[in-house]
Amino acid sequence: MAGTKFLYDKREIKFVLNEWLDMDKLFALTEYQDCAGIIDPIIDNTYNICRDEIAVINDDSDKIGVHFTDGKVITPDSFKKAYQVINDAGLGAVNADREAEGHLPLTLIQANYEMLSHASLAFTGFWGLTSGVISVIQQFGSEFLKQKFLAKMCDGKWGGTMNLTEPNAGTDVGANVTKAFPTDEPGVYKIKGQKLFITAADHDLCENFIHLVLARTENSRPGTAGLSLFIVPKYWVNDDGTLGESNDVITTGIEEKMGQHGSPTCALSYGENDNCRGYIIGNPPDESGKGEGIAQMFVMMNEERLNTGTQSLAAASAAYNLAKEYAKVRVQGTKFTDPKGPKVRIIEHEDVRRMLMLQKSCTEAIRALIFKSSYYLDLAHSSQDAEEREFADGMFQISNPLCKAYASDLSWPLIGEAIQVHGGYGYISEYQVEQLARDSKINSIWEGTDFIQSLDLVGRKFGLKKGKVFKDWIGDISNFIEANKDAEGFEQEFKILQAALEDYNATIEQLRQYMKDGKAQMMPLFSTRILHASSMLYCARLILDQGVLASKKLEASKADAKFYKGKIASARFYVKNVLPEVAVIRKVVEIGDASAIDIAEDCFG
């Protein structure tokens, strides 16, 4: 049983890209006209690389992992070839170069990222974060900074990281104390401070690391508003592009972790010898002490939140595929309805089929959510229609916290179901589902905990443009129901979706009433559950759309009938078994139990 099995389902992702999403609309845009006809070749090529080159190093990632020796971060030997393969194939950080001729739409890049994450979750961190750094420098950096750093980041020779977290400032980024002091050289500052939990901040796959560091100048205001963003290389980069002296950036250690052993999580010290320099991105804080750093960093943060959701999807999907394969061959017990009959494979047991359908429907629903959101982000970036750009951006703004939080919150119990299908073997390291559980758990914590995502959704996104963005999002669901409520064979499902929409609207109205009554504490108390309700409602809308499409495909042709029947079953199961939880959340919010707030701290025991 040893060794990673790469069981990715190409048929599912090709359905999403070729049949469900209107990719021709993207390919008609000037920016992507060279991409027409490339979906299948790209998916097939990435699949082969994942199967033959990346999945085979996943055991080394977990069993050998990275090590910190004599101040250096050492990766398994097998990583070197795999990293080179990724870059040679154009699957690495180069995808973040939105100014390159013939670059791919994000929707297609995200499909590659899902496959790569499916093959080895930990390994994707070696270029995923570099992509985010490239995006920030392209959007906010001067031409000087672009010329100095981007080329070698795009070709994978240099890595990139995001430095927010400090020993006493985790989720509370506004408590950061890392300092930046101006020098005689314009735009160059001395950096002094410590950062920790920095993914892939040092290793032997790259010759230099370009850190994006949030820090404070002397005249900055407190909190996040006072932060500025700096490019701080591990080795100073000379004007001719060659590497210069060490920049006084010291890796002090790597974390011993529950999972993702192959991904180094580093602690960094800046300026211990008072010789660490960095370039400020954009302008220094204004007269009021307000910096530009947090807005700049959120460009990267939003991309990484989407990537974290994709990693969560990949982990849950991989676990489902393993459970499905195991259930088809594992013989145990007799059927409940035939207790004296022969022993059967466990996929013939009713509750195992329920567990498998839960995994199948939820992973397909999350995939629909992530790829629809990626599609909207492409339109928001590249559509020539201003109204369409605005609508697409609004849809993405609502969906992004759902992609990150719902996917990562749900992947943990879904992988738990896959372990349950394996029985005792699922708890043994020889079987891959155990590693998937350990590797995926960090996703609900990374890039802002899932509670932070819920605050972003309820506390900020719902109010964007005086509520217009949220109204458009609700309108999209309502319009979908109205247009399809009489779809043959799905009448009951659309009634359930309509009822869920009504329950959801009542939940939001109840939350507004609490706020009007001065009970602001009810918002953070219920925000996570409201995010889950939002996610289930929108996922149901998307997977039901896929189900209706699959039904039409099946009616038109019996080719690929098993796949389309499976899609229809996923839509039915999700709507009838998962979506009704929205009604439960409505009831809980209306009850308004505040015992978690009211209980005295000593009463927790």
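## Strand pairing around β12

Strand β7 (residues 228–233) and strand β12 pair in the antiparallel sense over two bridges, where pairing requires that DSSP finds at least two bridges between the strands. This is a predicted model, in which local features need pLDDT of at least 70 and side-chain atom pairs count only at pLDDT 80 or more, while totals for chains, interfaces and linings use all residues. Residues are numbered from 1 along each chain as its sequence is written, and side-chain values use heavy atoms, with hydrogens and water left out. Helices (H or I, at least four residues) and strands (E, at least two) are DSSP runs, numbered from the N terminus.

## Nonpolar cores

A nonpolar core is a set of buried Ala, Val, Leu, Ile, Met, Phe, Trp, Tyr and Cys residues joined through side-chain atoms within 4.5 Å. The largest one has 124 residues, of which L17, F123, W473, Y504 and Y574 touch the most other members. Helix α16 (residues 522–556) gives the most to this core, with 19 residues. Not counting residues up to four places away in sequence, F123 touches I54, I57, F79, A82, Y83, I86 and L205, contact being defined as heavy atoms within 4.5 Å. A second, separate core of 31 residues includes A96, V133, C154 and L214.

Helix α9 (residues 293–329) has 37 residues and reaches 54 Å from its first C-alpha to its last, close to the 54 Å expected at 1.5 Å a residue; the expected span is 1.5 Å times one less than the number of residues. A kink of about 30° in α9 is centred on V299, the bend at a residue being the angle between axes fitted to the seven residues ending there and the seven starting there. Helix α9 is mostly covered, with 29 of its 37 residues buried.

T363 lies in helix α10 (residues 350–382) and counts as buried because its relative accessibility is 2%. Leaving aside neighbours within four places in sequence, T363 is in contact with L313, A316, S317 and L414.

## Positive phi angles

Most residues other than glycine have a negative phi, and most peptide bonds are trans. D70, although not a glycine, has a positive phi of about 50°; D70 lies in the loop between β1 (67–69) and β2 (72–74) and is exposed, with a relative accessible area of 75%. D248 likewise has a positive phi, near 60°, and its place is in the loop between β9 (243–246) and β10 (249–254), but D248 counts as buried at 5% relative accessibility.

## Salt bridges

Side chains of opposite charge can pair when their charged atoms come close. The structure holds 39 salt bridges, each being a side-chain nitrogen of Lys or Arg within 4 Å of a carboxyl oxygen of Asp or Glu. Three of these pairs are set out below.

| Pair | N to O distance |
|---|---|
| D560 and R11 | 2.4 Å |
| K25 and E388 | 2.4 Å |
| K81 and E53 | 3.4 Å |

D560 counts as partly exposed at 37% relative accessibility, and R11 counts as partly exposed at 22%. K25 lies in helix α2 (residues 23–27) and E388 in helix α11 (residues 386–422), so this pair ties together parts that are 363 residues apart in sequence. K25 is partly exposed, with a relative accessible area of 35%.

K81 in helix α5 (residues 77–88) and E53 in helix α3 (residues 39–54) are 28 residues apart; K81 is exposed, with a relative accessible area of 53%, whereas E53 is partly exposed at 21%. Salt bridges that share partners also join E12, E114, K360, E364, R367 and K567 into one network.

Notes
Buried means under 20% relative accessible area, exposed over 50%, partly exposed in between (1.4 Å probe, protein chains only).
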